[in-house]
Amino acid sequence: MKRQIVFMLLTTLLCCALSMAQVQKLPAPAKSLGKNVMEALWSRSSGNEFSDKMLSDQDLSNLLFAAIGVNRPAEGKITSPTARNFQEVRVFVFTAKGVSEYLNKENSLRQVARGDHRGLIADRQDWAKSAPVSLLFVADEKKFGSSDAHAKLAMAIDVGIVSENVNLFCAGAGFVTRPRMTMDTPAIKKLLKLSDTETPLLNNPVGYAK
């Protein structure tokens, strides 16, 4: 009996450890960085040549905060406006090591797939595979509460706003990025186990300049 209890305790501890290992806490986002807004607007451009150096945890935290980070914790509101504050946009991070979802309330990454799946984001454009990070933006109809034509349009606009946040951040912080619609959507939905109400709409490969 004692052996069974000890075995159960060890199994529970192991499961907890594995679960914790799959969630990576990121450093707090910076409060100031890079160029001012007007300088970033003058600098904004789309690029497709990236250094193969992986983004630091701090740079990744800043980048994801720009996308959908919580900037008013007391109200639970985020950096990108969404229709009626539905916050229906999910952000997934593709790297050479795996795919993670950004948990903005905890400023953490939760791994959802292992291995290098950046080719699914690149699809027919091989240059996109050279970016060390690709951000995928998924609209979740369940969070939005509707799936009619107007709702789909609003969700697409919200995703575009998140992408533009990333574009302006990259321009201001000196990163290279390009917003894209091209991707292997069916394979991505299968990999991430997305439901019929969750739709990948845009992606942004991101990296340091060569």
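The model shown in every view is predicted.

**View 1**
Asp158 is 43 residues away along the chain, and the C-alpha atoms of Leu201 and Asp158 are separated by 10 Å.

**View 1. Helix α7 and its buried side.**
Helix α7 covers residues 185-192. Its buried residues are Ile188, Leu191 and Leu192. These residues span an arc of only 85° around the axis, which places them on the same side of α7. In an α-helix there are 3.6 residues a turn, so residues three or four places apart point the same way. The face turned away from the buried side carries exposed Pro186 and Lys190. The cover over the buried residues of α7 includes strands β4 (89-94), β5 (98-103) and β6 (108-114). It also includes α4 (118-122), β7 (133-140) and β9 (198-208). Lys193 follows α7 and has a positive phi, near 55°.

**View 2. The largest pocket and its lining.**
The largest pocket holds about 440 Å³ of space. Its lining has 18 residues. Nearest the centre of this pocket lie Leu33, Lys35, Ala66, Leu168 and Phe169. Helices α2 (37-43), α3 (57-68) and α6 (149-173) each supply at least two lining residues. The largest share, five residues, comes from α6. By class, the lining of the largest pocket has 10 nonpolar, six polar and two charged residues.

**View 3. The second largest pocket and its lining.**
The volume of the second largest pocket is about 380 Å³. Its lining consists of 20 residues, and those closest to the centre are Gln24, Met54, Thr95, Lys97 and Ser100. Two or more lining residues come from each of β1 (23-25), α3, β5 and β6. Strand β5 gives the largest share, three residues. The lining of the second largest pocket divides into 10 nonpolar, six polar and four charged residues.

**View 4. Helix α3 and its buried residues.**
Nine of the 12 residues of α3 are buried, so this helix is largely enclosed by the rest of the structure. The buried residues are Asp59, Leu60, Ser61, Asn62, Leu63, Leu64, Ala66, Ala67 and Ile68.

**View 5. Pro29 in the loop between β1 and α2.**
Pro29 is placed in the loop between β1 and α2. Is Pro29 buried or partly exposed? Its relative accessibility is 24%, so Pro29 counts as partly exposed. Leaving aside neighbours within four places in sequence, Pro29 is in contact with Gln58, Ser61, Asn62, Phe65 and Asn107. Pro29 and Asp59 are 30 residues apart in sequence, and their C-alpha atoms are 8.3 Å apart in space.

**View 6. Arg84 and Gln87 in the loop between β3 and β4.**
Most residues other than glycine have a negative phi. Arg84 is not a glycine, yet its phi is positive, about 55°. Gln87 is not a glycine either, and its phi is positive at about 50°. Arg84 lies in the loop between β3 (77-78) and β4, and Gln87 in the loop between β3 and β4. Gln87, at 15% relative accessibility, counts as buried.

Note on methods:
Residues numbered from 1 in each chain as written. Predicted model: local features only at pLDDT ≥ 70, side-chain atom pairs only at ≥ 80, totals over all residues. Heavy atoms only, no water. Buried < 20%, exposed > 50% of the residue type's maximum accessible area, 1.4 Å probe, protein only. Helix = DSSP H or I, 4+ residues; strand = E, 2+ residues; numbered from the N terminus. Arc of directions from axis to C-beta. Contact = heavy atoms within 4.5 Å. 1 Å grid on protein atoms, 1.4 Å probe; cavity = no way out; pocket = protein on both sides within 12 Å on 5 of 7 lines; lining within 4 Å. Points joined across faces, edges and corners; volume = space filled by probe spheres on them. Nonpolar A, V, L, I, M, F, W, Y, C, P; charged D, E, K, R; others polar.
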